[in-house]
Amino acid sequence: MLKKTTKWITALLSGFCLVSMLGLTVIVALQVVSRLLKISLPWTEELARFLIVWLTFLGCTLAIYRKSHLSVNFLVDMMPAPLKKACGLLTRLVMLAFFSLLLFYGVRLSALSMGNLSTSLGWPMGLVYAVIPFSALLADYYIVLDMLSIVGVDVPAYEKEGEEK
């Protein structure tokens, strides 16, 4: 069940990131062409901005799952195995605390912003900001799976570092 859920979430995130990139490409191209033709399409800039925000947060979450964030492991690689494991857990605990705070304050920001509408599209800004708690929740989920994997719990839904996906 956990493996199926994780694969489903990851596939959904990957799909959204792909569609967002394609959408951004089309919207920005449309924006360029419309400006050349001296036609005003004000909604394209706003939609592109919202897609970039969502892509940034959800892409970050996907990168946490894939362990593809930039890291400097020079000192960690020189540590003995028990210390390396402790360092990995400490790093994940800090990440978990950060994303938990992002989740808490993101929910508040999103709820408080529901009454504010975006200028061109007229969308509630709370929906735009909803990506913050949503991505933080998924990041926390992936981080907990990673922590369980580090301490030796067999988590079938999560690849250990160095394994092929």
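Buried means under 20% relative accessible area, exposed means over 50%, and partly exposed lies in between, using a 1.4 Å probe and protein chains only. By that scale, Cys87 is partly exposed, at 22% relative accessibility.

This is a predicted model, in which local features need pLDDT of at least 70, side-chain atom pairs count only at pLDDT 80 or more, and totals for chains, interfaces and linings use all residues. Residues are numbered from 1 along each chain as its sequence is written, and side-chain values use heavy atoms, leaving out hydrogens and water.

Stay with the cysteines. A disulfide is a covalent bond between the sulfur atoms of two cysteines. Here it is counted as a pair of cysteine sulfur atoms within 2.5 Å. The structure holds zero disulfides. For Cys60, the nearest cysteine sulfur belongs to Cys17, 10 Å away. Cys60 is partly exposed, with a relative accessible area of 25%. For Cys87, the nearest cysteine sulfur is that of Cys60, 19 Å away.

Now turn to the helices. Helices (H or I, at least four residues) and strands (E, at least two) are DSSP runs, numbered from the N terminus. Two packed helices are described by the angle between their axes and the distance between the axes. Axes are lines fitted to C-alpha atoms, for helices over the stretch in contact, and angles run from 0 to 180 degrees between N-to-C directions.

Start with α1 (residues 2-36) and α2 (residues 42-66). Their axes come within 9 Å and cross at roughly 150°. That makes α1 roughly antiparallel to α2. Angles under 35 degrees count as roughly parallel, over 145 as roughly antiparallel, 65 to 115 as roughly perpendicular, and the rest as oblique. The contact of α1 with α2 has 18 nonpolar, nine polar and three charged residues.

Helix α1 also packs with α6 (residues 131-150), at about 135° and with the axes 12 Å apart. These two helices are therefore oblique to each other. Contact means heavy atoms within 4.5 Å. On the α1 side, the contact includes Leu2, Ile9 and Leu13. On the α6 side, Tyr141 and Leu145 are among the residues.

Finally, look at two loops. Most residues other than glycine have a negative phi. Lys38 has a positive phi of about 60°. It sits in the loop between α1 and α2. Lys38 is exposed, with a relative accessible area of 77%. Lys67 has a positive phi too, of about 55°. Its place is the loop between α2 and α3 (74-78). Lys67 is partly exposed, at 27% relative accessibility.

Methods:
Nonpolar A, V, L, I, M, F, W, Y, C, P; charged D, E, K, R; others polar.
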